[in-house]
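Please keep the sequence and the structure in view while reading.

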Amino acid sequence: MIIAIDGPAASGKGTLGKRLAHHYGYRHLDTGVIYRAVAKALLDEGFDLTDEARAVAVAMELDPEKFGHPELKTQRIGDAASVVSAIPSVREALVNFQRQFAAGPPGAVLDGRDIGTVICPNADVKIFVVADPQVRARRRTLEARARGEEADEALVLADILKRDERDRNRAAAPLKAADDAHVLDNSNLDIEAGVRAAIAIVEAVRAQRK
Ligand SMILES: Nc1ncnc2c1ncn2[C@@H]1O[C@H](COP(=O)(O)OP(=O)(O)OP(=O)(O)O)[C@@H](O)[C@H]1O
Ligand SMILES: Nc1ccn([C@@H]2O[C@H](COP(=O)(O)O)[C@@H](O)[C@H]2O)c(=O)n1
């Protein structure tokens, strides 16, 4: 089974993806990390984020062993990722990696912006996670502070809104819910309640197929 999770920045996709994968014994891929890794490599090498040829080359040489680098989580790299991810040829260079991950046994959960629409249009279950921007900013701020970083909630909110706007309005694989996605608003749900709601969605789809 393939579970596709999409949604705007800091809506809880990764948290939910990890928990669903654990629940079902599936593998999990946070696809945002891939774009973050491309952006970080370009910045580290001193290239412009819009240098298409270098960005594609970097995308084709990515080393998944480096996806755990702590700097990938920063706001600076997230913002850079949303610039580089708007380049269609960069996205194309990353499609096979994501589809191969999705196809492997015993099942997979992928989260991102275009999983249900482009990467896995035939996913068994599609969930589009949303939450109020203020709620997302609050959670992201608390998360950064828990890591010992300084975070200004108003700036975090501005970054989230700017990134969502860029991701929604790009021509290639824009952020949007697939027509057959189940929208899950977790603004008023804690993590456990959000996970329960998502499992209920998956189980309802499974029951329909029996
Ligand atoms: N339902 C929830 N209730 C409270 N906090 C939550 C909930 N879901 C996620 N969080 C917290 O919100 C923050 C953002 O969650 P997460 O990193 O999973 O979002 P994301 O959508 O994967 O973000 P990104 O767009 O950066 O990939 C984290 O600190 C996480 O612990
Ligand atoms: N499937 C995806 C996943 C991510 N992006 C872009 O990467 C940025 C960072 O993603 P996070 O999930 O780690 O926040 C994001 O803002 C998108 O621009 C993407 O395009 N497609």
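Helix H4 is largely enclosed by the rest of the structure, because seven of its ten residues are buried. The buried residues of H4 are Ile-77, Gly-78, Asp-79, Ala-80, Ala-81, Ser-82 and Val-84. The model examined here is a predicted one. Among the elements that cover the buried residues of H4 are helix H2 (32–45), helix H3 (52–60), helix H5 (88–103) and helix H8.

## Packing of H4 against H8

Two packed helices are described by the angle between their axes and the distance between the axes. For H4 (residues 75–84) and H8 (residues 153–169), the angle is about 15° and the axes lie 9 Å apart. An angle under 35 degrees counts as roughly parallel, and H4 and H8 are therefore roughly parallel to each other. The crossing in which H4 passes H8 is left-handed.

On the H4 side, the contact involves Gln-75, Gly-78, Asp-79, Ser-82 and Val-83, which meet Leu-155, Val-156, Asp-159, Lys-162, Arg-163, Arg-166 and Asp-167 of H8.

## Packing of H2 against H4

H2 also packs against H4, at an angle of about 100° and with the two axes 8 Å apart. Angles of 65 to 115 degrees count as roughly perpendicular, so H2 and H4 are roughly perpendicular to each other. H2 contributes Tyr-35, Arg-36, Val-38, Ala-39, Lys-40, Leu-42 and Leu-43 to the contact, while H4 contributes Arg-76, Ile-77, Gly-78, Ala-80, Ala-81 and Val-84. The residues of the contact of H2 with H4 divide into nine nonpolar, one polar and three charged.

## Packing of H2 against H3

The axes of H2 and H3 come within 9 Å of each other and cross at roughly 125°. This angle makes H2 oblique to H3. H2 passes H3 in a right-handed crossing.

In this pair, Val-38, Ala-41, Leu-42 and Glu-45 of H2 meet Arg-54, Ala-55, Val-58 and Ala-59 of H3. Six nonpolar and two charged residues make up the contact of H2 with H3, with no polar residue among them.

## The parallel sheet

An open sheet is formed by five strands in the order S2-S3-S1-S4-S5, and their pairing is parallel. At its edges are strand S2 (27–30) and strand S5 (182–185), each of which pairs on one side only. On average, neighbouring strands of this sheet are turned by 20° against each other, direction ignored.

Strand S2 pairs with strand S3 (residues 108–112) in the parallel sense over four bridges. Within this pairing, His-28 has Val-109 in S3 as its bridge partner.

Tyr-26 is located in the loop between helix H1 (13–24) and S2. Its relative accessibility is 14%, so Tyr-26 counts as buried. Thr-15 is eleven residues away from Tyr-26 along the chain, and the C-alpha atoms of the two are separated by 14 Å.

Neighbours within four places in sequence aside, Tyr-26 is in contact with Met-1, Ile-3, Ala-21, Pro-106, Gly-107, Ala-108, Val-109 and Arg-206. One of these residues, Val-109, is also the bridge partner of His-28.

Methods: Residues are numbered from 1 along each chain as its sequence is written. Chains are lettered from A and ligands numbered from 1 in the order in which they are written. This is a predicted model: local features need pLDDT of at least 70, side-chain atom pairs count only at pLDDT 80 or more; totals for chains, interfaces and linings use all residues. Side-chain values use heavy atoms; hydrogens and water are left out. Axes are lines fitted to C-alpha atoms, for helices over the stretch in contact, and angles run from 0 to 180 degrees between N-to-C directions. Helices (H or I, at least four residues) and strands (E, at least two) are DSSP runs, numbered from the N terminus. Angles under 35 degrees count as roughly parallel, over 145 as roughly antiparallel, 65 to 115 as roughly perpendicular and the rest as oblique. A crossing is left-handed if the near helix is turned anticlockwise from the far one by less than a right angle, and right-handed if clockwise. Contact means heavy atoms within 4.5 Å. Two strands pair if DSSP finds at least two bridges between them. Buried means under 20% relative accessible area, exposed over 50%, partly exposed in between (1.4 Å probe, protein chains only). Ala, Val, Leu, Ile, Met, Phe, Trp, Tyr, Cys and Pro count as nonpolar, Asp, Glu, Lys and Arg as charged, and the others, Gly among them, as polar.
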